[in-house]
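Please examine the sequence and the structure below before reading on.

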Amino acid sequence: MTTDTPDPGNAGTRTHGVVSALLWASLGVVSTLLGMAAAHLVAALLVPSSSPVLAVGSQVIDLTPTPMKEWAIRQFGTADKLILVGSVILVVLALAGVAGVLARRRLAYGAGLLVALVLLAAVAAVNQGGVTDLLPSLVAAVVGVASLWWLHGKASATRAGADAAPASSTSGATPSRRGVLIAAGALAAAAAVLGGAGRFITTLRTGNVDIALPAPADPAGAFPEGLEGKFKDITPLRVSNADFYRVDTRLDTPVIDQDTWTLTIDGDVEKEIELTFDDLLAMDLIERDITMTCVSNSVGGEFVGSARWLGVRLTDLLDMAGVGDKADQIYTTDFDGMTISTPLDLATDGRDAMIAIGMNGEALPRAHGFPARMIVPGLYGFISATKWITRITLTTYADKSAYWTDRDWATDAPIKVSTRIDTPASLAQLSTGENVIGGVAWAQQLGGVDQVQVRIDGGAWKDAEMGPSVNNDYWRQWFYRWDASEGQHTVAARAISGDGTTQTPARALPFPEGASGIQELRVTVG
Ligand SMILES: Nc1nc2c(c(=O)[nH]1)N[C@H]1C(S)=C(S)[C@@H](COP(=O)(O)O)O[C@H]1N2
Ligand SMILES: [Mo]
């Protein structure tokens with residue numbers, strides 16, 4: 001039994017207390033929502049990543065230990081970022097509720113908590129970007145506190161009215177409480193409108209850039225017809241830009257102006273050079289069909305894709321600058337300071353490494369690195385595929401370490417031979433008789449995929465039928481006609497590369513140099 005409650009026996013008063021605490025909490029939440037929405041809109045117009053929620057989210061990504069990040073990617077796949085942003089918003093709104101309840105005591109307490117929250121976001125924004133990224137946080141603070149002040153005024157008037165009235169007539173305060181709710185509702189609606197506008201503007205700004213790309217001096221040649229026409233569940237031989245997997249540390253899609261963008265080559269070079277986008281367009285371009293793979297892809301996972309890339313041969317650029325004799329690392333930096341390291345010897349061993357400006361006949365989509373990115377066949381993306389690249393520094397591993405190196409990932413990580421079963425799906429319900437098992441397999445820089453084999457119920461490995469071979473850096477589709485009998489079955493697949501490497505059954509998690517093992521799934525027939 002509490003003794004400090006003025007009227008402990010009166011359940012009605014207690015309920016009333018809870019209701020009004022909830023009401024006050026909602027005032028904090030609404031004020032915060034409006035502040036966040038206004039800030040999001042301002043950020044959308046300036047620098048999208050400076051939106052307070054995204055800035056805090058990015059800071060969380062940077063600070064999260066690698067094992068936890070890997071766990072999140074394994075659990076949530078491509079939804080990991082949505083879940084991160086959702087969690088940040090939930091935590092913020094919970095604290096906003098507390099701020100609302102505090103404001104009931106004294107406006108300054110609630111406002112103080114809101115300002116503290118915004119300060120965190122401001123620190124994250126400056127840390128992630130720069131001082132110029134402070135503006136959205138400032139807007140969030142002003143709008144959030146002003147809203148809380150306004151709602152506080154209305155609600156306090158209600159409370160004063162209720163307190164003045166005799167206890168029996170609390171219902172008499174309802175009309176003005178409704179007034180508070182209407183005010184809060186209006187602010188919530190305003191938040192939805194501002195947030196929606198921010199979203200709309202972001203969508204407009206992050207749309208693809210329509211640039212006429214020059215014809216390649218060294219074209220990729222004819223592209224064969226894939227198996228997807230025959231078996232619709234097998235991944236298309238070429239993945240469209242819209243369907244291509246996306247993996248990076250960002251929560252926004254960078255908006256970079258190709259007219260002011262430059263690419264600098266410096267470090268251990270004879271002469272430092274700086275190129276514009278037009279300079280790249282004027283150079284000899286190569287066009288290549290290349291399969292990209294993410295080191296975080298688990299066996300059978302979705303972080304792998306194949307496209308036709310257009311770009312300047314990396315060695316052409318390095319030759320312009322003249323690489324010195326000390327460098328062993330290509331240390332690339334994106335527009336925002338993110339760094340990726342690539343072994344110099346591998347990138348310059350004759351493979352088709354390039355600074356790409358085109359993907360599947362269009363300029364790079366903004367999500368995939370516009371205006372330019374690196375592509376190196378045979379190396380996982382995290383040590384080769386720098387998007388939004390602005391600097392190529394020739395240096396040594398002893399002198400400089402990149403983002404993932406600092407997080408204990410391998411620095412030398414060739415892509416492992418692997419295959420993915422696209423169909424049937426895991427736990428699928430199939431009919432007896434012929435079922436097509438099919439998928440894609442890759443063995444970049446290992447002679448391409450020679451053969452895929454399928455194993456049913458742990459029996460003997462049987463050769464699948466192979467789709468067309470595009471080149472050794474490109475994946476290959478395959479299918480196997482299976483005469484399925486009633487019951488539970490397991491289906492497994494493995495790839496064998498052109499140089500004779502058989503996909504290993506030894507299981508490894510993605511960290512620190514890529515997953516391995518055999519994908520095996522369970523299906524029910526009948
Ligand atoms: N600037 C930048 N480039 C980046 C990354 C990043 O986080 N930032 N992620 C890398 C990783 S891990 C991969 S697998 C590829 C993915 O490229 P995609 O999103 O175009 O598929 O981009 C690479 N390039
Ligand atoms: Mo990756």
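The structure shown is a predicted model. Strand E11 (residues 418-423) is largely enclosed by the rest of the structure, because 6 of its 6 residues are buried. A residue counts as buried when its relative accessible area is under 20%.

Strand E11 belongs to an open sheet of 4 strands, arranged in the order E11-E13-E17-E16 with antiparallel pairing. The edge strands of this sheet are E11 and E16 (465-466), each of which pairs on one side only.

Two of the pairings may be set out as follows.

| Strands paired | Bridges | Sense | Partner residues |
|---|---|---|---|
| E11 and E13 (residues 433-442) | 5 bridges | antiparallel | Ser 418 and Trp 442 |

Which residues form a negative surface patch? The patch consists of Asp 328, Asp 345, Asp 399, Asp 412 and Glu 513. One of these residues, Asp 328, is located in the loop between helix H9 (314-321) and strand E5 (329-334). Is Asp 328 buried or partly exposed? Its relative accessibility is 34%, so Asp 328 counts as partly exposed; this class lies between the limits of 20% and 50% relative accessible area.

How values were computed:
Residues numbered from 1 in each chain as written. Chains lettered and ligands numbered in written order. Predicted model: local features only at pLDDT ≥ 70, side-chain atom pairs only at ≥ 80, totals over all residues. Heavy atoms only, no water. Patch = residues over 30% accessible without salt bridge, like charges linked within 9 Å, V, L, I, M, F, W, Y side chains within 5 Å. Areas by Shrake-Rupley, 256 points an atom, 1.4 Å probe, with all protein chains shown as cover. Salt bridge = Lys/Arg side-chain N within 4 Å of Asp/Glu carboxyl O. Lys, Arg positive; Asp, Glu negative; His and termini not counted. Charge placed at Lys NZ, Arg CZ, Asp CG, Glu CD. Helix = DSSP H or I, 4+ residues; strand = E, 2+ residues; numbered from the N terminus. Buried < 20%, exposed > 50% of the residue type's maximum accessible area, 1.4 Å probe, protein only. Pairing = 2+ DSSP bridges.
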